[in-house]
Structures are given as structure tokens and as C-alpha cells.
Amino acid sequence: MTIENTTTLENILSTAQALRWEVGIDFHEKVTESIYTDAVKIADRATTRPEEKPRFDFDRKLDQILTSRVWGFPLMLALLMIVFWLTISGANVPSSMLANLLLDTIHPMLKNFAANIGMPWWLDGFLFDGVYLATAWVISVMLPPMAIFFPLFTLLEDFGYLPRVAFNMDNMFRKAGAHGKQALSMTMGFGCNAAGVVATRIIDSPRERLIAIITNNFALCNGRWPTQILIASLFIGALVPAQLAGFVSAMAVVGIALLGVFLTFLSSMFLSKTWLKGEVSTFSLELPPYRPPRIWQTIYTSIIDRTLVILWRAIIFAIPAGAVLWLSANITIGGTSLAGYLINFLDPFGLLIGLNGVILVAFIVAIPANEIVIPTIMMLTVLVTGASAGEGTGVMFELESGMETMALFEAGGWTLLTAVNLMLFSLIHNPCSTTIYTIFKETGSKKWTWVASLAPVLLGFAVTFVVAQIWRLVASIL
Amino acid sequence: MVNPLFALLVAAAITALSVIIFTPERGFFWKWQHTREMSERVLREDALKHIYHAKNASVTSLAGALSISTNEVADVIEGLQSLELLEIEGVDFKLTSDGRDYALQIIRAHRLYERYLAEETGYDEVNWHERAHQLEHELSPEDVEALAQKLGNPTHDPHGDPIPTADGKMIYAKTRTELTSLNLDARARIVHLEDEPEAIYAQLVAEGLHIGQEIRLLEVTPLRIRFETGQGEHLLAPILAANISVIPVSEEPEKELAVGLPLSSLEIGEEREVVALSPRIRGAERRRLMDLGLLPGTVIGAEIESAAGDPVAYRVRGALIALRKEQAALISVSAEA
């Protein structure tokens, strides 16, 4: 290429650049639009459409019911309730089978094996009572509900119902400055917050996606349902006659879950009025035609893609948690264990907000997995009160009957306020480490990961604090 | 146990205090952080930009623009001189060619980022300038080039200002004039809405004015400017109108100013033809709608309303697409079925 040519080329380029400025800002859009329009005309000429499918009318009928002003919301609530009920009651049997196998069969075998080869007590305790037991616990509590919830959820998605949920709920999310598809990531969060955070990928726009990620923690996840159910049936159910107990405690749990939904809206609205100001930029939601779900494929992919991935992450985080728990209960300085020191240190603050030191320590230890909150609380209560229950220092356990559990909690100084605040705090506290890690991976921002982790804890302290003070105030007046 | 009433009062006091400290933008903490972030470099870059834009920049105008004292301005000027970015001729500040390139780099980063905010995110229009103002100092040249690539090397920011090229060229369209200097009855297209000061910009946005809109000037007096757009007549004070720039267009308009009905006015079961997408739908959203086949000439029918009334799902080319009311209001459809 000669020098002359280069200069002409440069001339042409700079002229072109100057002309781009001259034609104005909307030139690009106009060209794109006309290309699209031409493409559509050509495509329309070249394609023939088959007759309208017979399913079309069926779809329209179904949509008229599922999105009607009268039936839309009740049907949605009913379907979600059925999914939760199937998950919770369906998970009971496999969970206890797994617990039987992992906790009651393999664990004693491992202990026997350790005793036979003369393993020192601390190694045996650290490995089998600490690491193994925590991991086994997480698997047996977490795996069955996830293996039921995720396939059910995916079936609804596959059938085409979930986009209708987003369609119905969008108005509320719009008022909160968020995206209707957040309804889907929130619902997914009821199964697992980590999965819910990943599910926010369906939201294109960064601002709305960030809101969905940060607020997902307020969807009460599977790991927290068991805590809610146990405490509600022990304390709330006990307030009413026996024949109403089941219903009342179930309503208490539903109430907590609905409070979570309410907090999701509230915090979304707060964020979009303050640090993430703005409006939804791109909203278009496709409502696909209904179709029969592909059951086997759905079950296979949802177990491989969702359940096992999340379970694996949870196991990785449960291993160090088990180790820390066992060590903190067994390393003693001057006759008091590390856990004991921490409990004594946190007790005044815990009591102020209507909880206690044991519960706060349990929530710290259970950052890796909310599933172990209750067993940890029971183990630590035994450690502190010296009550006669459990299987040794630093060993998590479960009591067969509610009476025994209740007796243990009462020995720990629990009142109705402790129970109510535990339920509240279980809803409103930091996400588990799996979720925190997922938030970091999805946002790529340390700042927002910190916000998403710390803001809920602070809110939880505030809520339990206010509830405790008002409770005491009312109690002192009565 | 602490007296609950006392505890509540203490907590309320702490909350009130932290609200005062942490209120977004106005809180003490953010103000403190803002001054801390105003490092020497940021001040220098802002000063360069100000001198580049202002017709006759002075120490006082710099102090006002950067909100610092005149003494501090003197330090900044000294710094710029020692870096050979600025020369002083008499009382006039003059950028060296390096200084000019530097300023254009910052302007490029600012305008590209505003474009990104406008096209790809849902951040509030009034906050674009502020966010871009912060980011312009943080983006590295590589980041800026990556952003330009991603946006398809745009030529203008969302307010209609040209974006300088990577090699530091920037031209304002030759035919661009102020709204007030148009002939009566002339047709023109809005090409620029000045985004500073924010209060005036917010009023222009509230009037529903936007880039790309065609207008016809009806009356100019020292007290008011009257013109019409597709949305009807507008009356503006001269101080507002001075922030609008236009390019005259040929007498034959492409379409009539008023076009069709908003899609949001369709009753369930009605069908219409799409006439146009408003220029206010832009970037990612516009591409998405065009991908879905919402183009002039496409038949669109309102089919179902959600349980809460909004959004409404429309049948477009066989697919069912839900749109929110405010979005549907920006799509115009034929008045007749």
C-alpha cells in the first residue's frame, strides 16, 4: 500500500466519522428498525403458517382462570402450599431413613472402628463426632426436601405456570421498583437461597437483578423450614387446645414465610428508592404456551443441576463447621470450653433481644448450613446447663419426643418470647455461606456481598430487639 | 434486665443518628466520603473538563464548578501547569494539546458511561450524570474501549452530545442550532437536551421532551417559547428553551407529528397495527422488542390482563408477550382496527 492510499483511507474514515456525528443520535436505531422490518417482510412472504393449533383455545381458557382477578392469587397460593406440603411431608420418610443410616448406623460403626484400632479420643471425636456428624446431618436434612422441591418447581416451570406467577405478581414488584421475574427467583429461594440467587440470571437488567439477589434471603429456605416447624409446634401449638395445635402451628410457620415475602417487597422498595434508584428498564415477559411437562427429563436435570450442585457446596461448608463446633466444645481453658466463653460473652446481648447466648453461638456456627441450627442449640444447651441428654460433649443429637426437647429448652431458660424471636431471627439473619459465596460469584462485587450478608443480620437484631422490648413492656403492664 | 422503655428510647436515638449519618447522598458519612474521594487527580481531571467546556474559565468559575476554595484552585492549576497540561496567557487559561486530549478522554468515558446507563440499565434518568461523573475517573482506558465496543461505538450520549473518539476527535453537528434561533413555523428535530443544571433538565424531562422528537416552532417572545410536538403544545420559559438544541429538518416530515393511539389504550380482544416505537424506548429494551417482532406493520392484539390488572399480555406473531402499562404507552398503534 502506498502512502497516498493510506492518506485516502484515513480521509475516508475521518469523513465517515464526521458524517456519523452529523446524522444524529437516532440514525442507528432507524437503520436497525428498517433492517428488521425488511427481514420480517421477507420472512412473512417466504413462510406459510399451519392452521391454528387446537390447544390454542385450551390455553386461552386456562389463562383466563389462572390470571383472573378472582382466582389468580388464591390458585397461586394454593399451588405453592401444595408444593411446600409435598416437600415437607414427603421429605420426612427419606430424611429419617437417611438419618437412620448415616447417624444411627454408620456413626456407631465408625466409633466402634475407632475404639478397636485404639484411636486417641480427640482424633476420633474430631473426625467422627465433629466433621462426619455435621456433614451427615446436613445431607440427611437437606437432600430429601431439595430432591422433592426442585423437581416439583421445575415441573411447574416446564408446564408454563411459573411465567404466569411472574405475570400476576409483577404489579407488586413494579410498585417496589423491581422486576416481575423476581417472583420466580423468590419462589426458587423457598427451596434454597443459593439456587434463588442463581435463578436471578433470568433478569437482564443489572439494577433489578442486584435487588433480586440482595433480597432473596428473605425467602424462607428449606434449611430453615424445619427450625420453624419444630419451634412452632413446641411453643405456639402448645398455646391452644390439642385439636387446634397442628393447624395453629402451621399457620404460624406460614405467617413467618409471608412476613418474609413482605420483607422482600419492603427491602426491594427501600433499595430502589435509595442506593439503587431507578425504574425497570427492560420488561417483556413471554408467556409460553402450556405443554405437558417432560417428567423424567425434568427430574433428572433438576437433581443433577440444582440439587447435587447445591448439596455439594453445602457439604464443603459443613465439614469445617463440624470441626469448629466439636473443637469449641472440647477445648477448655480453666475448666470452661471455648464455646462456653463465647456463650457467656454473648449472653447479655442475646437476652436483651429476647434470645440467649446459646442461640447466637448456634447461628454463628451454623453459618455454613441453617439445617444444623437446632441440633447445635440442643448440644450447646446441654453443654451449658449440664442437663442429662445427648451423647457427649460436642456431639450433635436429636431427641425422639417433643416432650424431651421441650424439657431441654425449658432447662435452658426459654420462654414463649425466646421461641417467637428465634422464629423471627431464623427468617431475618445472614444468608448461609453457600449463598454468600454464590452472591459473590453472581455479583462479582465485594461491596454488595457485604451488604447482602450484613444488612439482614442487623435488621434481625432490630426486629427481635423491638419485639422483646414491647413484649416486656406489655408483660409488665398486664 | 434493662428497662424495656429505656432500651427502646436508646435504640430510637441510635436509629435517628444513623439515619442522619447514612442517608444516601445527604448523610454526613457520604459527604465525608465524597470529600475524601476528591483526590488531587479527580480535581485535576474535573478542572481540565471545566476549562475545556467553559468559554472563559477563571479561578472563580473553577472554584464554583469543583466546589472548592479559590486557594485550592490555585494548587490544582499549579499541578496542571507542572504536568504541562495547561498554559496561562494573561488571564486566560489555555489547554495544551496534551491537556486537550486528556480532557477529551475523560469526556469520552463520561458520555460512554451515560450511554451505557441509558441503554442497558434501569437507573433513573436524573441520576445518570452523577453516576457517570463518579465513574469517569475510575475507568481505565481499556475499560472505556471495552465499553465502546460493547455499545457498538456509539456517536452520541443519551443527551445528544457527541462522544469523542479514542484518538480525541469531537465535532458538534454543523447544522445544530438553538431552539430559539429557528424561524417561525420551521420544523426541526431535537438533538440535544443539556443535563446541567439538574433542576432544569428535570423540568425538560417532565415536559416529556426527548431526543429525536420532531417539533414545529409556533411563537417566540422574550417571555415564552411556544412549539408543538406529537404530544401537543408546549410552553417554555426562555431559560428552559435555551437548553434545547435542534437540527432543522426539510419541510416534508417523514410522518405526521401525531401518530396513532398508545398500545396501552387497547381493550382486551382488540387488534391493531403497530405504527412506531417511541424514541424513549432505547438500547436493550428496543432491541428486545424488535427481536420479538414489534415493528411497524405488525398486528398486535391485547389478550389477557394479569390478576392485578397490569401488565397486559399481547399476542404478537403467535407469541404471548406481557408488557407493563408505562411501556405499552410508548408504543403507538393505528387508530383504526
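Buried area is the accessible area (1.4 Å probe) that two parts lose on being put together, summed over both. The exercises below concern a predicted model, in which local features need pLDDT of at least 70 and side-chain atom pairs count only at pLDDT 80 or more, while totals for chains, interfaces and linings use all residues. Residues are numbered from 1 along each chain as its sequence is written, chains are lettered from A in the order in which they are written, and side-chain values use heavy atoms, without hydrogens or water.

**Exercise 1. Describe the interface of chain B and chain A.**

Step 1. The area buried between the two chains is about 5,700 Å², and carbon and sulfur atoms give 58% of this area.

Step 2. Contact means heavy atoms within 4.5 Å. Chain B contributes 76 residues to the contact and chain A contributes 61 residues.

Step 3. The rule for salt bridges asks for a side-chain nitrogen of Lys or Arg within 4 Å of a carboxyl oxygen of Asp or Glu. Six salt bridges are found across this interface. The side chains of R69(A) and E305(B) meet in a salt bridge, at 3.3 Å from N to O.

Step 4. Elements are DSSP runs numbered from the N terminus: helices (H or I) have at least four residues and strands (E) at least two. Among the elements of chain B that each supply at least two residues to the side touching chain A are α1 (4-22), α6 (97-120), α11 (283-291) and β11 (299-305). The most comes from α11(B), with eight residues.

Step 5. By class, this side of chain B has 39 nonpolar, 15 polar and 22 charged residues. Here Ala, Val, Leu, Ile, Met, Phe, Trp, Tyr, Cys and Pro count as nonpolar, Asp, Glu, Lys and Arg as charged, and the others, Gly among them, as polar.

**Exercise 2. Locate the salt bridges of D158(A), E326(B) and R41(B), and state the exposure of the partners.**

Step 1. Buried means under 20% relative accessible area, exposed over 50%, and partly exposed in between (1.4 Å probe, protein chains only).

Step 2. D158(A) pairs with R294(A), their closest N and O atoms being 3.0 Å apart. D158(A) is buried at 12%, whereas R294(A) is partly exposed at 41%.

Step 3. E326(B) pairs with R174(A), the closest N and O atoms being 3.9 Å apart. This pair crosses between chains, from helix α12 (residues 325-328) of chain B to helix α6 (residues 161-175) of chain A. E326(B) is partly exposed at 39%, and R174(A) is partly exposed at 26%.

Step 4. R41(B) and E45(B) meet at 3.1 Å, N to O. They are four residues apart in helix α3 (residues 40-53) of chain B, and are therefore separated by about one helical turn. R41(B) is partly exposed at 38%, whereas E45(B) is buried at 3%.

**Exercise 3. Identify the largest nonpolar core and the residues with the most contacts inside it.**

Step 1. A nonpolar core is a set of buried Ala, Val, Leu, Ile, Met, Phe, Trp, Tyr and Cys residues joined through side-chain atoms within 4.5 Å.

Step 2. The largest core has 136 residues, and I231(A) and I377(A) have the most contacts inside it. Helix α5 (residues 121-159) of chain A gives the most to this core, with 14 residues.

Step 3. Not counting residues up to four places away in sequence, the residues that I231(A) touches include I374(A), F409(A) and W414(A).
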